[in-house]
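I opened this model to look up its core, its helices and its aromatic pairs. My entries follow in the order I made them.

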Amino acid sequence: MKKKKKLVRLVLLALFAALIVVLTFTPLGYIIIGPGIAITTIHLVTILGASIFGPKEGAFLGAFWGVLCVIKAFQEPIPANIPFQNPMISVVPRIFVGLVTGIVVMLLLKTKIKKPLAVAIGALAGTLTNTVLVITALNVFNGFETLTLGVTTTLNTIITTLIGVNGIIEVVAAVILVPTIYMATNKYIKDKI
């Protein structure tokens with residue numbers, strides 16, 4: 001029985017990875033709202049996976065997402081993607097998205113907090129981790145210079161603000177959608193893994 005559960009767990013993890021591939025290479029993963037600005041939906045899969053499987057698998061899904069982000073940045077080397085050719089901007093923050101989410105949900109589920117709230121808090125933590133670490137990495141590794149083509153500091157501020165607004169939209173989506181999907185699938189998945 002233990003072998004069967006491991007196999008099911010592996011298959012489900014592969015399914016999450018496949019969803020990340022689809023979202024990365026279709027317009028569904030990055031909804032463009034302006035020049036160089038996109039709302040990310042891929043984080044939802046990583047956060048849901050981390051909530052279901054835990055921090056180790058969450059970190060794996062985040063790393064997988066980050067590596068695909070690097071590949072996409074090289075395939076489509078437009079100014080908005082070029083900073084994401086740097087793994088410190090694209091991979092490292094995404095690893096922490098899965099890791100932080102998995103740890104937060106795991107710890108909260110050990111308390112008396114109800115599952116939907118624990119997962120919502122984990123989704124909040126994971127999304128904020130993504131937004132804060134990506135913005136920080138863009139600043140530290142001069143990614144904003146590429147995004148703004150070195151034009152002005154004002155443009156840098158505008159882009160940072162827009163990314164922050166995107167972060168709010170991404171937080172709201174994660175806090176609503178991830179717990180909803182988690183609770184809808186929890187009984188089936190938890191019985192199998």
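**Core.** I began with the largest nonpolar core, which has 32 residues. The members that touch the most other members are Phe-16, Ile-20, Ile-52, Phe-53 and Val-178. I then listed the elements that give two or more residues to this core: H1, H2 (42-53), H3 (55-75), H5 (92-109), H6 (115-140) and H8 (153-192). H2 gives the most, with seven residues. I note that this is a predicted model.

**Val-178.** Which residues does Val-178 contact, once neighbours within four places in sequence are left aside? I found Leu-44, Ile-47, Leu-48, Ser-51, Val-119, Ala-123 and Ala-173.

**Whole chain.** I stepped back to the overall layout. The protein chain has eight helices and two strands. Along the sequence the pattern reads α-β-β-α-α-α-α-α-α-α. Of its 193 residues, 45% count as buried. I also looked up contacts with a separation of 6 or more, and 71% of them join residues 24 or more positions apart. The accessible surface is about 9,900 Å². Carbon and sulfur atoms hold 75% of that surface.

**Helix H1.** I checked the length of H1, residues 2-24. Its 23 residues should span 33 Å at 1.5 Å a residue, and the end C-alpha atoms are 33 Å apart, so the two agree. The buried residues of H1 are Leu-12, Leu-13, Phe-16, Ala-17, Ile-20, Leu-23 and Thr-24.

**Helix H5.** I repeated the check on H5, which has 18 residues. From first C-alpha to last it reaches 26 Å, close to the 26 Å expected. Its buried residues are Pro-93, Arg-94, Val-97, Gly-98, Thr-101, Gly-102, Val-105 and Leu-108. I asked what covers them, and the cover includes H2, H3, H4 (87-90) and H6.

**Aromatic pairs.** How many aromatic pairs does a search of the whole structure find? I count two. Phe-16 and Phe-53 form an edge-to-face pair, 5.5 Å centre to centre with 85° between the planes. This pair links distant parts of the chain, with Phe-16 in H1 and Phe-53 in H2, 37 residues apart. Both Phe-16 and Phe-53 are buried.

Phe-60 and Phe-64 form a stacked pair, 6.2 Å centre to centre with 20° between the planes. Phe-60 and Phe-64 are four residues apart in H3, so about one helical turn separates them. Phe-60 counts as partly exposed because its relative accessibility is 42%. Phe-64 also counts as partly exposed, at 26%.

**Glu-57.** Not counting residues up to four places away in sequence, Glu-57 touches Arg-9 and Leu-13.

**Val-140.** My last entry is Val-140, which lies in H6. Its relative accessibility is 54%, over the 50% cut-off, so Val-140 counts as exposed.

Methods: Residues are numbered from 1 along each chain as its sequence is written. This is a predicted model: local features need pLDDT of at least 70, side-chain atom pairs count only at pLDDT 80 or more; totals for chains, interfaces and linings use all residues. Side-chain values use heavy atoms; hydrogens and water are left out. The expected span of a helix is 1.5 Å times one less than its number of residues. Buried means under 20% relative accessible area, exposed over 50%, partly exposed in between (1.4 Å probe, protein chains only). A nonpolar core is a set of buried Ala, Val, Leu, Ile, Met, Phe, Trp, Tyr and Cys residues joined through side-chain atoms within 4.5 Å. Contact means heavy atoms within 4.5 Å. Accessible areas come from the Shrake-Rupley method with a 1.4 Å probe; for residues, only the protein chains shown count as cover. Rings of Phe, Tyr and Trp (its six-membered ring) pair if their centres lie within 6.5 Å; planes under 30 degrees apart count as stacked, over 60 as edge-to-face and the rest as tilted.
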